[in-house]
Amino acid sequence: MNTTINPKLPFIIKPFLLSLLLSLTVLIFIALQTPHHRKTTPQQPNNISSKSGGGLRIRPGYSSYDEYIQRQLNKTLNPKLRQIWTTRDWERKVRVFAQFFESLKRRNLLLNSSKALSIGARVGQEVSALKSIGVNDSIGIDLVPYPPLVVKGDFHAQPFMNDTFDFEFSNVFDHALYPWKFVGEIERTLKPGGVCVVHVALSRRADKYSANDLYSVGPLVELFKDSQLVEVRKVDGFGLDTEVVFRKNKRRNI
């Protein structure tokens, strides 16, 4: 067997190895220089299971937070709806909300001296109802302000300081794209010992502008990490059937 090595082979291998080494060096350099982007939007699974059964489903379909906000504005700024809210709907809704709030007063969950916030108040029917029963220090927030009852605010990032309110009410939980932020902002702005009342729909799915579907009280209770569940009861609140009451934990003295 002829084992003679081709004398030209080293000259062929060396350029190949040099070219391979150079290519690898360039690839490593490019990889080190390329920025790695991370999404900063808070992420949660589309379906949030509850230890107590049921679940909370985030509706898909939004490519960005701006798209979600625009869809909510499509409802809030709808001229026909705003006309209804401020005319034929006004007295009826103020009367019904006043009945809800009077019931909370009888159960010592709301006081005339309470500093109160209505979340997602639109044109302020809830705020007007609170004032009508003597809770005068009341204000609402919504994406579109309606002075003097409602100021501009996103419920995912309330425009208020920590520990501001004694009482917070909302019937728009189903409109929250990030329910964990919605609840987190309530707990941030509630005073220790403060009360939050949320009206939700469990027996039927909410409207086309809803961003989530709640199938039981369990997931909502689990979102309130710094509060205790006070009570759950059935209500008839403009398509919402369940009232859930929480009280924020009081701080311990150190």
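Me: Contact means heavy atoms within 4.5 Å. Helices (DSSP H or I, at least four residues) and strands (DSSP E, at least two) are numbered from the N terminus. Which elements do the buried residues of α5 pack against?

Reply: This is a predicted model: local features need pLDDT of at least 70, side-chain atom pairs count only at pLDDT 80 or more, and totals for chains, interfaces and linings use all residues. Residues are numbered from 1 along each chain as its sequence is written, and side-chain values use heavy atoms, with hydrogens and water left out. Buried means under 20% relative accessible area, exposed over 50%, partly exposed in between (1.4 Å probe, protein chains only). The buried residues of α5 pack against α3 (79–86), α4 (90–106), β3, β4 and β6 (165–170).

Me: Why does α5 count as largely enclosed, and which of its residues are buried?

Reply: Helix α5 covers residues 125–132. Six of its eight residues are buried, so the rest of the structure largely encloses α5. Just after this helix, G134 takes a positive phi of about 100°. The buried residues of α5 are Q125, E126, V127, S128, A129 and L130.

Me: Is K93 buried or exposed?

Reply: K93 sits in helix α4. Leaving aside neighbours within four places in sequence, K93 is in contact with W85, Q125 and F238. Its C-alpha is separated by 7.8 Å from that of E126, 33 residues apart along the chain. With a relative accessible area of 12%, K93 is buried.

Me: Which residues lie nearest the centre of the largest pocket?

Reply: On a 1 Å grid over the protein atoms alone, a pocket is an open set of points where a 1.4 Å probe fits, with protein on both sides within 12 Å along at least five of seven lines; lining residues have an atom within 4 Å of a point. The largest pocket is lined by 22 residues. The elements giving two or more residues to that lining are α4 and α5, and α4 gives the most, with three. Nearest the pocket centre lie K75, K93, R122, D207 and F238.

Me: What is the volume of the largest pocket?

Reply: Grid points are joined across faces, edges and corners, and the volume is the space filled by probe spheres set on the points. For the largest pocket this comes to about 400 Å³.

Me: How many bridges join β6 to β7?

Reply: Two strands pair if DSSP finds at least two bridges between them. β3 and β6 pair in the parallel sense over four bridges, with I119 bridged to S170 in β6. β6 and β7 also run parallel, with F165 opposite L190 in β7. The number of bridges joining β6 to β7 is five.

Me: What is the hand of the crossover from β6 to β7?

Reply: The chain crosses from β6 through α6 to β7. With the strands pointing away from the viewer, a clockwise path from the first strand over the helix to the second is right-handed. Five of the six residues of β6 are buried, so the rest of the structure largely encloses this strand. The β-α-β crossover is right-handed.

Me: Which residues of the largest nonpolar core touch the most other members?

Reply: A nonpolar core is a set of buried Ala, Val, Leu, Ile, Met, Phe, Trp, Tyr and Cys residues joined through side-chain atoms within 4.5 Å. The largest has 35 residues. Elements supplying at least two residues each include β2 (55–58), α2 (65–76), α6 (179–189), β7 (190–200) and β10. Those touching the most other members are F155, F173, F182, V200, L220 and F224.

Me: What is the relative accessibility of F246?

Reply: F246 lies in strand β10 (residues 240–248). Beyond its neighbours within four places in sequence, its contacts include V195, L220, F224 and V230. F246 and L109 are 137 residues apart in sequence and 9.6 Å apart in space, C-alpha to C-alpha. F246 counts as buried, at a relative accessibility of 1%.

Me: Which peptide bond is cis, with omega near 0°?

Reply: Most residues other than glycine have a negative phi, and most peptide bonds are trans. P148 lies in the loop between β4 and β5 (150–152). The cis bond runs from P147 to P148.

Me: What is the phi of N108?

Reply: N108 is in the loop between α4 and β3. It is exposed, with a relative accessible area of 58%. N108 is not a glycine, yet its phi is positive, about 60°.
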